[in-house]
Amino acid sequence: MKKKIVFMGNSLVNGFPFGRTKSFPGVMRRKMKAAGQDINIVNCGVNGESSVQMLRRFDTDVISRTPDYVFISCGVNDFIYRERGPREVFENIETMSKMAESAGIKVVLMTPPFVHEEMATRIWLVGCGIDYAKVNTQISALRQLIIGSGREYFDLHAIYPECGEYLDGLHPTESGYEFIADRLIQLLEERLIK
């Protein structure tokens with residue numbers, strides 16, 4: 001039977017600013033189809049969303065689609081807009097995870113990559129007084145909570161420095177999205193999709 005995977009997240013999932021065809025789920029879909037792998041990959045990324053906004057639409061965008069897996073990626077917008085800290089974000093992730101598990105959906109949590117502090121200060125939300133060093137500290141704290149959760153996770157925080165290509169300090173370049181897609185395909189083939 002055809003496997004279905006939903007990627008739930010913010011602009012990192014949505015593929016900002018290149019669009020969904022060049023997002024990592026879009027790249028995965030194209031590459032896996034070309035390799036003869038019959039997997040339905042659904043992109044439920046929305047630019048600018050916080051963990052609370054994702055939680056509000058989780059039932060509609062994930063549960064109602066009845067996927068085999070959901071990958072959850074969030075937190076950076078919560079930190080940038082100073083709406084909540086790592087523990088609160090993780091509580092929202094936990095709520096989404098439990099909703100999915102209750103519906104028989106396997107959960108994979110994604111750790112957010114570091115923000116490139118110097119580039120983000122120059123390019124992203126200039127003049128808004130965002131402390132990107134603090135954002136990175138919060139991202140690291142969220143990563144520790146995700147790793148300690150006992151759930152399957154994809155540690156983008158640890159692997160993205162191998163690529164390290166940023167468009168604006170937060171979002172990957174096109175080759176960065178390709179890099180993420182390739183690592184996720186490797187994870188699926190090695191550990192998740194049999």
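**Figure 1. The largest cavity of the predicted model and the residues around it.** By residue class, the lining of the largest cavity consists of eight nonpolar and five polar residues, with no charged residue among them. A count of the cavities of 30 Å³ or more in the structure gives one.

**Figure 2. The largest pocket, with strand E5 and helix H9 in its lining.** The volume of the largest pocket is about 160 Å³, and the residues that line this pocket are Tyr153, Phe154, Asp155, Ile159, Arg183, Gln186, Leu187 and Arg191. The elements that provide two or more of these lining residues are strand E5 (152-154) and helix H9 (174-192), and H9 provides the most, with four residues. The lining of the largest pocket divides into four nonpolar residues, one polar residue and three charged residues.

**Figure 3. The largest nonpolar core, in which Val70 is one of the residues with the most contacts.** In soluble globular proteins, nonpolar side chains tend to be buried together. Here the largest nonpolar core has 32 residues, and the most contacts inside this core are made by Phe58, Val70, Ile72, Val115, Tyr132 and Val135. At least two core residues come from each of strands E1 (3-9), E2 (39-45), E3 (69-72) and E4 (106-110), and likewise from each of helices H3 (51-61), H4, H5 (86-102) and H7 (132-147). Helix H7 supplies the largest share of this core, six residues. Apart from this core lies another, of 29 residues, which includes Ile5, Val13, Val27 and Met119. When residues up to four places away in sequence are not counted, Val70 touches Val6, Met8, Phe58, Val62, Ala100, Ile105, Lys106, Val107 and Val108.

**Figure 4. Helix H7 and its buried residues, including Asn136.** Helix H7 has 16 residues, and the distance from its first C-alpha to its last is 22 Å, close to the 22 Å expected at 1.5 Å a residue. The buried residues of H7 are Tyr132, Val135, Asn136, Gln138, Ile139, Leu142, Arg143, Leu145 and Ile146. These buried residues pack against H4, H5, E4, helix H6 (117-123), E5 and helix H8 (156-159). Asn136, which is found in H7, has a relative accessibility of 6% and therefore counts as buried, since the cut-off for a buried residue is under 20%. Leaving aside neighbours within four places in sequence, Asn136 is in contact with Phe114, Val115 and Glu117.

**Figure 5. Helix H5, its buried residues and Gly104 just after the helix.** The 17 residues of H5 should span 24 Å at 1.5 Å a residue, and the end C-alpha atoms of H5 are 24 Å apart, so the two values agree. The buried residues of H5 are Pro86, Val89, Phe90, Asn92, Ile93, Glu94, Met96, Ser97 and Ala100, and what covers these buried residues includes H3, E3, H4, E4 and H7. Just after H5, Gly104 takes a positive phi of about 80°.

How values were computed:
Residues numbered from 1 in each chain as written. Predicted model: local features only at pLDDT ≥ 70, side-chain atom pairs only at ≥ 80, totals over all residues. Heavy atoms only, no water. 1 Å grid on protein atoms, 1.4 Å probe; cavity = no way out; pocket = protein on both sides within 12 Å on 5 of 7 lines; lining within 4 Å. Points joined across faces, edges and corners; volume = space filled by probe spheres on them. Nonpolar A, V, L, I, M, F, W, Y, C, P; charged D, E, K, R; others polar. Core = buried A, V, L, I, M, F, W, Y, C linked by side-chain atoms within 4.5 Å. Buried < 20%, exposed > 50% of the residue type's maximum accessible area, 1.4 Å probe, protein only. Contact = heavy atoms within 4.5 Å. Expected span 1.5 Å × (residues − 1).
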